[in-house]
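Q: Please take a close look at one helix and its surroundings. I would like one connected account.

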Amino acid sequence: MRGAVTGIFTSAGQSCTAGSRILVQRSIHDKFVEAFAALGKKGRMGDPMDPTTEIGPIATRPQYERILRAISGARQEGARLYSGGNAVQVASGLGLFIEPTVFVDVDNKMRLAQEEIFGPVAAVIAFDTEEEAIVSPTTPATA
């Protein structure tokens, strides 16, 4: 759990190794999402040079605006915003910050599941079977 939180919210998701799509077996999905979102909310936002900061700012204004558009687009496509999704101010007043954001009810055909956002946005995708988890969204499930 902590690894998933760290993977997407550290560096505000602006890393090529950020785990923005999290596949979770449906039987544990709701409990996972609740705990995952709660841990994300606890992350301290602030100056990346401060050793107590866990979530830094978005690197540039164009990227900040792109992330906010992606959040809006995911909602328009039908993904359900579970937590976060807002621009926020930190105590110092410096930097562009977006709350750790968690989406559920994400379909693999949605842009949220297909494109990298490079922001603190996680798509939690439920599955029932291993086959369902590994089948490409553009490939038919039956061969």
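A: Start with the terms: buried means under 20% relative accessible area, exposed over 50%, and partly exposed in between, with a 1.4 Å probe and protein chains only. Helices (H or I, at least four residues) and strands (E, at least two) are DSSP runs, numbered from the N terminus. This is a predicted model: local features need pLDDT of at least 70, side-chain atom pairs count only at pLDDT 80 or more, and totals for chains, interfaces and linings use all residues. Residues are numbered from 1 along each chain as its sequence is written, and side-chain values use heavy atoms, leaving out hydrogens and water.

The helix is H3, residues 61-77. The expected span of a helix is 1.5 Å times one less than its number of residues. For the 17 residues of H3 that gives 24 Å, and the end C-alpha atoms are 24 Å apart, so the two agree.

Now its sides. Gln63, Tyr64, Ile67, Ile71 and Ala74 of H3 are buried. They lie on the same side of H3, because they cover an arc of only 110° around the axis. That arc is taken from the directions from the helix axis to the C-beta atoms. An α-helix has 3.6 residues a turn, so residues three or four places apart point the same way. Pro62, Arg69 and Gln76 are exposed, on the face of H3 turned away from its buried side.

What covers the buried residues? Strands E3 (87-88), E4 (97-98), E5 (101-104) and E6 (121-127) are among the elements that do, as is helix H4 (111-114). Contact here means heavy atoms within 4.5 Å.

Next, the ends. At the start of H3, a side-chain oxygen of Thr60 comes to within 3.2 Å of the backbone nitrogen of Gln63. A polar contact is a pair of N or O atoms within 3.5 Å; within protein, one must be able to donate a hydrogen and the other to accept it, and residues adjacent in sequence count only if both atoms are side-chain atoms. Gly78 follows H3, and its phi is positive, near 110°.

His29 is found in helix H2. His29 counts as buried because its relative accessibility is 9%. Leaving aside residues up to four places away in sequence, His29 touches Val24, Val104, Val124 and Ala126.

In short, H3 has buried residues, including Tyr64 and Ile67, and an opposite face that carries exposed ones, including Arg69.
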